[in-house]
Amino acid sequence: MQDLATKFANMTIQSDFIFKKVMSRKRICKHLLEELLQIEIADINYIEAEKTLEPEYTSRGIRLDIIVADDKNTHYNLEMQVKNKKNPQTKAFVLPKRSRYYQALLDFDLLQAGQPYDLLPPTFIIFICIFDFFENGNYVYTFKKRCLEDLELELPDKATTMILNTKGTHGEISKDLKSFYDYVNNHIVTTDFTKQIDNEISYLKLDTKVRREYMLMEARLLDERREGIAEGKAIGIAKGEINANIATAKRLLSMGLTVQDIAKATSLPIEQVEALKAD
């Protein structure tokens, strides 16, 4: 518990927990969106912070950090991305397909059964990355669907994905957005906006309820990880025993023992031993 308390005291806005709490403050989240998109937003409403979207039990659920809607019903999903993760099997970076999946499930949640497709509101999936995914140095990478035969022709589905690069070096962004990048990267306060964010984080760390919430969340995650490891070990042991029994059955078959005797000796089903014999 002491380690968790120390970890909580040292957390920055790069932490998902702190990021969610800071962006749950309307004035901060609203101003960040206004500076990023260079628009004026009258108001925003929180759909749900860290919402879980899981349409079917067979589908992969996702947890979205912050979802807000503005006064024009445009929906925004804000995500903090600290690591540029790869799939350990394919070695492919997961961010592009992750953004595609987030968009799909967000749309699924926004359209009720029986509603026409044209009621889907405009959406922005916004990843705040502490790395330059495309390595081009841009502050912002904005993506919309365009026709390959005519790049001026845009598909008007009103879905936008923005990948922010806090390590960027060129492009046009506002002073407050640049100060936000500097704050995310190095905890540097240079504007009133980042001062507000820094003060909010200081208040959060003094709030005993927030600290308790974090420690309970981490304890639950630790329990889940332990259960997952234990379950994985149990499955591995069980598979190992089955494979060992199969190897033993093959040896006994080569020695001429009957299927019934081998099934008793290895605890394998008679049908499985018969299949091994047929092979």
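Asp198 sits in helix H6, which spans residues 192-206, in what is a predicted model. This aspartate is buried and yet has no salt bridge. Why does Lys195 not count as its partner? Lys195 is the nearest side chain of opposite charge, but it is 4.9 Å away, and a salt bridge needs a side-chain nitrogen within 4 Å of a carboxyl oxygen. Asp198 does have a polar contact, made between its side chain and that of Tyr183 at 2.7 Å. Leaving aside residues up to four places away in sequence, Asp198 touches Tyr183, His187 and Val189.

Here are the pair distances for two of the residues in this report:

| Pair | What is compared | Distance |
|---|---|---|
| Asp198 and Tyr183 | side chains, polar contact | 2.7 Å |
| Asp198 and Lys195 | side chains of opposite charge | 4.9 Å |
| Leu216 and Leu4 | C-alpha atoms | 9.8 Å |

Is Leu216 buried, exposed or partly exposed? Its relative accessibility is 48%, so Leu216 counts as partly exposed. Leu216 and Leu4 are 212 residues apart along the chain, with their C-alpha atoms separated by 9.8 Å.

Next comes helix H8, residues 259-266, where Val259, Ile262, Ala263 and Thr266 are buried. Viewed down the axis of H8, these buried residues fall within an arc of 100 degrees, so they line one face of the helix. An α-helix has 3.6 residues a turn, so residues three or four places apart point the same way. On the face of H8 turned away from the buried side are the exposed residues Lys264 and Ala265. After H8 comes Ser267, with a positive phi near 65 degrees.

Technical notes. Residues are numbered from 1 along each chain as its sequence is written. This is a predicted model: local features need pLDDT of at least 70, side-chain atom pairs count only at pLDDT 80 or more; totals for chains, interfaces and linings use all residues. Side-chain values use heavy atoms; hydrogens and water are left out. Buried means under 20% relative accessible area, exposed over 50%, partly exposed in between (1.4 Å probe, protein chains only). Helices (H or I, at least four residues) and strands (E, at least two) are DSSP runs, numbered from the N terminus. The arc is that of the directions from the helix axis to the C-beta atoms. Lys and Arg count as positive and Asp and Glu as negative; His and the chain ends are not counted. A polar contact is a pair of N or O atoms within 3.5 Å; within protein, one must be able to donate a hydrogen and the other to accept it, and residues adjacent in sequence count only if both atoms are side-chain atoms. Contact means heavy atoms within 4.5 Å.
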